[in-house]
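Reader: Please walk me through this structure. I want to know what each term rests on.

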Amino acid sequence: MSQTKKRILYLCTGNSCRSQMAEGFTNALKGDEFEAFSAGVAPKAIDPRAVAVMAEENLDIAGQSSKGVEQFIGQPWDWVVTLCDNARESCPFFPGPVKRVHRGFPDPPQLAQGAASEEEALAHYRKVRDQIKEFVMNLPESLEDES
């Protein structure tokens with residue numbers, strides 16, 4: 001008897017960095033329990049630095065694509081998780097018994113803007129990547145803890 005996987009949709013503004021990392025980690029580390037997808041309210045290309053820091057974790061997200069949230073409305077979701085304030089404020093209505101949860105993470109491209117070197121810029125991405133990985137490692141509890 002197989003248990004149905006819980007479906008999670010991660011939302012961010014551009015679906016280029018944080019939500020892509022969360023999708024990649026969830027499917028790789030928790031794929032037996034969860035099926036993860038990601039989308040953006042204003043999608044743009046996947047951030048090459050996000051791809052680079054995920055590769056350091058032996059996860060290839062280069063094949064993932066940036067998607068608009070519209071294509072996921074009407075699908076059955078267990079959770080819709082917003083990862084940035086803008087996505088939380090502009091998240092569309094998802095009908096059905098879906099739990100909306102906000103777990104904000106800093107924006108790596110914004111953090112890296114003033115970086116003096118590529119290595120310094122990547123350090124910001126690694127820090128956020130590690131925070132997202134910790135969040136995913138603690139699923140489903142991290143979705144239910146409203147701290």
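Author: Of the chain's 147 residues, 46% count as buried. This is a predicted model: local features need pLDDT of at least 70, side-chain atom pairs count only at pLDDT 80 or more, and totals for chains, interfaces and linings use all residues. Residues are numbered from 1 along each chain as its sequence is written, and side-chain values use heavy atoms, with hydrogens and water left out.

Reader: What makes a residue count as buried?

Author: Buried means under 20% relative accessible area (1.4 Å probe, protein chains only).

Reader: What makes a set of residues a nonpolar core?

Author: Its members are buried Ala, Val, Leu, Ile, Met, Phe, Trp, Tyr and Cys residues, joined through side-chain atoms within 4.5 Å. The largest such core here has 41 residues. Tyr10, Leu11 and Phe94 touch the most other members. In general, nonpolar side chains tend to be buried together in soluble globular proteins.

Reader: Which residues does Phe94 touch, not counting those up to four places away in sequence?

Author: Phe94 touches Leu9, Leu11, Val69, Phe72, Ile73, Trp77 and Val80. A contact means heavy atoms within 4.5 Å.

Reader: How do you know whether the radius of gyration agrees with a compact globule?

Author: The rule is 2.2 Å times the number of residues to the power 0.38, and the radius is taken over C-alpha atoms. For 147 residues that gives near 15 Å; the chain has 15 Å, so the two agree.

Reader: How many helices and strands does the chain have?

Author: Six helices and four strands. Both are DSSP runs, numbered from the N terminus: helices are H or I, at least four residues, and strands are E, at least two. The order is β-α-β-α-β-α-β-α-α-α.

Technical notes: Buried means under 20% relative accessible area, exposed over 50%, partly exposed in between (1.4 Å probe, protein chains only).
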